[in-house]
Every structure is written in structure tokens, then in C-alpha cells.
Amino acid sequence: MRALLVTLLLLPRLAAAAERPAVSVLYFENRTGKADYDVLRKGLADMIVSDLAIWDGVTVVERERLESVLGELKLQHTRAFDAASRQKIGQLLGAQYILAGTLNLAGQTLAIDAQLIEVQTGVVRVAARATGTPDRVFDLEQDLVNRITAAIDAKLKDPGARRRVQVPDLKTLLSYSRAIDLWDRGRLDEAAQAMRLVVSQAPTFIMARERAAWMLLDVGAN
């Protein structure tokens, strides 16, 4: 009887979650010509996932789940995902949409292009581009997310919460991305130490503080 009551209480919440489209953010393709920007793909994806999570009307697939599926499909080191791969990834994640894109650099102009793609049909729902100097990467990410959420009619729950992904500059995001990559490769102690260094150098970068605390807890548990 108690189990039935709990289930009934959860039904409205589950129904609301089912109505929200699930979005998975793929790692963006690095077309900047800079090999050291490869890790930026993960940091940028993590920023977008964290940003999208505070919008009402969308369910965001966590980056760790994506990494797990990429491992299952042996696509961890793939630099560009074709249509078939995107559909397979989306299906395994239970996502209705895949957010994919590219990073380009021309002189001092960084361009981030993104496409919101329906998993089932492969149709591009919206294409967006944000450009600016590399150190404006936070503003570019925010602009990109604004365009994407407008296409799926998502509403911002707490505008102030977006500050948690406010990275001070591209150098800091690269350091954050390297720490994430170390973690994905199983080098947990190195990753936690690298993330602590990011926090010490950029104490206002809230997302890095949260990730560092999570890493330390996980390392301690193991």
C-alpha cells in the first residue's frame, strides 16, 4: 500500500518530466587548427549542459552519461560525429534532441556553431552561431544557449543561476577541460588536483568549485 502511495505521488512529477524534451550535448568538433583546443570540446559541453539544466521545459542528459555511451560505442576519441553516430547516441541516451557543433578560430575571432537535431528524423531544428574574441567564451556560450532554448520554447527558471558557468577566460576553460579529460581517462587523483588548481586560480568560477568538491568526494569514496 505504501509503495502504491509513493508511486501515485510521483506520477505528476514523472508525467511532467516526460513532457520535457531530453537534449544531449555532444562534444563539439575542434576546427580551430589548435591541437590543445581538443579538450575544450569537453569543457564547453559541460558548460552548456550546466546552463541548460536551469531552464524549465527541457531535460538535459548529464555529460557522464554521454561519456559512458561513447565508451560503449567505442567513440570516445571521435573528433566528428556523423548522422548515423548521432542518431545511435541519441537513441541509447533516450534523447529527443542532439546538440552538435563546431569550434572555429580565425585570427582573434572564435566562432561556435551549433545545431539542434531531432534524433528520430535527423532534421535540424535550429542552427545558431556565436562569435567573438576567445576570452568572451562565456558570453558566446550564453548567446548560443539563448538561441537554442528559444527554439524549444524553454523558460529560464533562475537567471542568476547562470553565473555558475561564468568562466573568466579561455585559459581557465582550457584548464578546466583538461581536468575533466583526465577524469574521463581514469586519472582521478591527477584530475582532482588539476581541478583544485583551477579553483585556486579562478575562485569565482562556481562550476569548477562544484566539480572539484564532487571529484574529491568520489576519490575519497574509492
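**View 1. Val23 meets its partner in E4.** In strand E4, Val60 is the bridge partner of Val23. Strands E1 and E4 (residues 59-60) run parallel and are joined by two bridges; strands pair if DSSP finds at least two bridges between them. This is a predicted model, where local features need pLDDT of at least 70, side-chain atom pairs count only at pLDDT 80 or more, and totals for chains, interfaces and linings use all residues. Residues are numbered from 1 along each chain as its sequence is written, and side-chain values use heavy atoms, leaving out hydrogens and water.

View 2. Which residues of E1 point the same way as Ala22? Ser24 does, while Val23 and Val25 point the other way. All of these residues, 22-25, are buried (under 20% relative accessible area, with a 1.4 Å probe and protein chains only).

**View 3. Stepping back to the whole chain.** You can count eight helices and eight strands here (DSSP runs numbered from the N terminus: helices are H or I with at least four residues, strands are E with at least two). The radius of gyration is 18 Å, close to the 17 Å that the globule rule gives for 222 residues, so the chain is as compact as a globular protein of that length. That radius is taken over C-alpha atoms, and the rule is 2.2 Å times the number of residues to the power 0.38. Of the 222 residues, 46% count as buried.

Technical notes. Buried < 20%, exposed > 50% of the residue type's maximum accessible area, 1.4 Å probe, protein only.
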